[in-house]
Amino acid sequence: MRMQQHCALIVVTGAMLATVCAGCKKSRHDGGPDQPEKKAIVTTIAGDGTDDFANGPALSAKFHYPVDVAVAPDGTMYVADYIDHRVRKLANGQVTTLAGDGTFGFANGDGPMAKFYDPYRLVVDQAGNCYLLDQVDARIRKITPGGNVSTYAGAEATGFLDGDALTAQFRTDANGLACDEAGNIYEGDTHNFRIRKVSVIGQVNTVAGDGMGGLRNGDGATAEFRFPGAVTCDRQGNTYVSDQGNFCIRKIAANGEVSTLAGTGVNTIVDGGPDVAAFRQPGDLVADSRGNIYVIDGARIRRVTPQGVVSTVAGSTEGYADGEGPQAKFRGPGGLGIDAQDNVYVADYADHRVRKISFQ
């Protein structure tokens, strides 16, 4: 199964390689003063845990490996349903299908006429449009709120090429997608070792990374990443990267300078300040309104403050349990979303559910 193979790849390469605007899934930066620490409460909001396909009331709906979730400005949620080859919609307590006919393939068009191979990463812009990465297709697709699917960027051929959006080339199995306040799309082009940008005027350029796998901070053009994955953007124009092969979180400042925000590069899990904190499998990212970054790390959801201090918010060992903080369990968190109230949503693919982390 492709999803299982991919997860195995992240864990194996994990010894070597080990988710903005008001409605953009990968960030919420509205500013505001510091507030006291709140408890993280995990609940299930969609999916009955069965690996199947069924629309209907949220808690009785069925998903088959939901790997990512994105939240639109109006609170509507979209789910990348990997094995069902569909993008699902969660609104008003009901799950429906936004796009995809459930078969493995590639086709643009309206809703049920469209086809996806393995829908994998989602982001939403301020207008409510979804942008989709397909794990085995190098193109970025756009899905309107009405379900119309088109190709937004990337040629069918894989490789590396900047330039016009529809002739630019990306590699398959990219792990990151984000949107900034202006509507520009960013991709963590994992196997090109680069962070790419698709501008609103339809041009693709490389933001950071020289194409060589390594760990080098400094100017974006000469910086190096080792299997960069998830990306997120903040209101100040900074971009954050889950650098999977270096087991750390990198920051690309608005001026293009690359630095390490958190992670010592040691492949383990340690909470604490930037000089001691460590990650094992840094995955999808989102940012909240206070500038904190939330990152999937194995079966845990961890938080990185703007100062690089890392803590575990929810999760411990693999399993399924709702509840408070470390008492909660995730079997396979794959992707994160965030809403206007800074609630974090987790696509728990191995539990076939969508989970919510609220702070009380």
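Predicted model: local features only at pLDDT ≥ 70, side-chain atom pairs only at ≥ 80, totals over all residues.
**Stop 1: arginine 88**

Select arginine 88. You are in strand β5, which covers residues 86-91.

Now show the side chain of arginine 88 and look for backbone oxygens. The arginine 88 side chain reaches the backbone oxygen of lysine 62 at 3.0 Å.

Next, select glycine 100, 12 residues from arginine 88 along the chain. The C-alpha atoms of these two residues are separated by 8.7 Å.

**Stop 2: an open sheet**

Select strands β17 to β21. These 5 strands form an open sheet, and the pairing is antiparallel. In what order do the strands stand? Follow them across: β17-β21-β20-β19-β18. Look at the edges, where you find β17 (218-219) and β18 (228-233). Each has a single partner strand, so one side of each is left without a neighbour in the sheet.

Zoom in on β20 (residues 248-252) and β21 (residues 257-262). How many bridges join them? There are 4, and the two strands run antiparallel. Pick isoleucine 252, and find valine 258 of β21 standing opposite.

**Stop 3: glycine 146**

Select glycine 146. Its place is in the loop between β10 (137-143) and β11 (148-153). Glycine 146 has a relative accessible area of 72%. Exposed means over 50%, so glycine 146 is exposed.

Finally, select aspartate 339, 193 residues from glycine 146 along the chain. Their C-alpha atoms are separated by 21 Å.

Technical notes
Residues numbered from 1 in each chain as written. Heavy atoms only, no water. Buried < 20%, exposed > 50% of the residue type's maximum accessible area, 1.4 Å probe, protein only. Polar contact = N/O pair within 3.5 Å; in protein donor to acceptor, adjacent residues only side chain to side chain. Pairing = 2+ DSSP bridges.
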